[in-house]
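Subject: Structure for you to look at

Hi,

Here is the structure I promised to pass on. Please open it and keep it on screen while you read my notes below.

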Amino acid sequence: MARRKTSDSKVYTDWLIYAENDLRAAALLRRSPHTLLLSAFHSHQAIEKTIKAFMLSNKGYAPDGHNIIFLCKMASRINEGFFDWIDECVALNNYYVQTRYPPDFPLEIDKATAKKLSIMAQNLYKFTLNELAKFE
């Protein structure tokens with residue numbers, strides 16, 4: 001579904017700037033054991049915004065939704081290279097809702113996992129930048 005909100009930017013580079021800020025936040029938040037889940041959340045957000053930037057650049061709209069598996073599959077219809085990132089999206093997708101609201105069974109995350117998730121998000125961001133550069 002196409003994004004119909006008038007408040008969201010239609011400029012894909014704006015989305016990339018916000019994704020980059022989420023990457024910075026994820027890196028900072030993984031330094032403390034009290035903010036590891038927040039780091040994972042920002043890694044998820046970075047991927048979501050990165051894929052939406054890619055879609056905006058290629059299709060003229062940023063799809064609604066926060067399911068990065070679905071978003072990655074949409075992007076892979078345009079660029080098959082996104083298929084290689086499905087596993088990373090699966091790993092990060094659980095950190096959207098479960099890090100924002102108190103669950104019945106809290107997620108456990110350690111520094112190594114938070115770092116791994118942050119690096120996955122950074123790598124997908126770099127991949128997307130490289131793919132976007134091919135068409136500029």
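Start with aspartate 14. Aspartate 14 sits in helix 1, which covers residues 12–29. Now find valine 90. Aspartate 14 and valine 90 are 76 residues apart along the chain. Their C-alpha atoms are separated by 25 Å.

One caution before going on: this is a predicted model.

**The whole protein**

The protein has five helices and zero strands. From the N terminus on, the order of elements reads α-α-α-α-α. The radius of gyration is 14 Å, close to the 14 Å that the globule rule gives for 136 residues, so the protein is as compact as a globular protein of that length. Along its principal axes, the C-alpha trace spans about 40 × 30 × 25 Å.

How much of the protein is buried? Of its 136 residues, 45% count as buried. The accessible surface comes to about 7,800 Å². Carbon and sulfur atoms account for 55% of that surface.

Next, contacts along the chain. Take those between residues at least 6 apart in sequence. Of these, 65% join residues at least 24 apart.

Then the charges. There are 18 positive and 15 negative ones in the protein. Their mean positions are 3 Å apart.

**Helix 4**

Helix 4 covers residues 86–93. Which of its residues are buried? They are Ile86, Glu88, Cys89, Leu92 and Asn93. Look down the axis of helix 4: these buried residues fall within an arc of 155°, so they line one face of the helix. What do they pack against? Their partners are helix 2 (36–59), helix 3 (68–78) and helix 5 (111–133).

**Serine 76**

Serine 76 is in helix 3. Is it buried or exposed? Serine 76 counts as buried, because its relative accessibility is 4% and the cut-off for buried is under 20%. Leave aside its neighbours within four places in sequence, and serine 76 is in contact with Phe82 and Phe83. Also locate isoleucine 51. It is 25 residues from serine 76 along the chain, and the two C-alpha atoms are separated by 10.0 Å.

Glutamate 131 lies in helix 5. At 11% relative accessibility, glutamate 131 counts as buried. Not counting residues up to four places away in sequence, glutamate 131 touches Phe54 and Asn79.

Leucine 132 is found in helix 5 as well. With a relative accessibility of 5%, leucine 132 counts as buried. What does leucine 132 touch, not counting residues up to four places away in sequence? The list is Tyr12, Leu16, Phe54, Ser57 and Asn58.

Leucine 132 and phenylalanine 54 are 78 residues apart in sequence. In space they are 7.1 Å apart, C-alpha to C-alpha.

Best wishes

Key:
Residues are numbered from 1 along each chain as its sequence is written. This is a predicted model: local features need pLDDT of at least 70, side-chain atom pairs count only at pLDDT 80 or more; totals for chains, interfaces and linings use all residues. Side-chain values use heavy atoms; hydrogens and water are left out. Buried means under 20% relative accessible area, exposed over 50%, partly exposed in between (1.4 Å probe, protein chains only). Helices (H or I, at least four residues) and strands (E, at least two) are DSSP runs, numbered from the N terminus. The arc is that of the directions from the helix axis to the C-beta atoms. Contact means heavy atoms within 4.5 Å. The radius of gyration is taken over C-alpha atoms; the globule rule is 2.2 Å times the number of residues to the power 0.38. Accessible areas come from the Shrake-Rupley method with a 1.4 Å probe; for residues, only the protein chains shown count as cover. Lys and Arg count as positive and Asp and Glu as negative; His and the chain ends are not counted. The place of a charge is taken as NZ of Lys, CZ of Arg, CG of Asp or CD of Glu.
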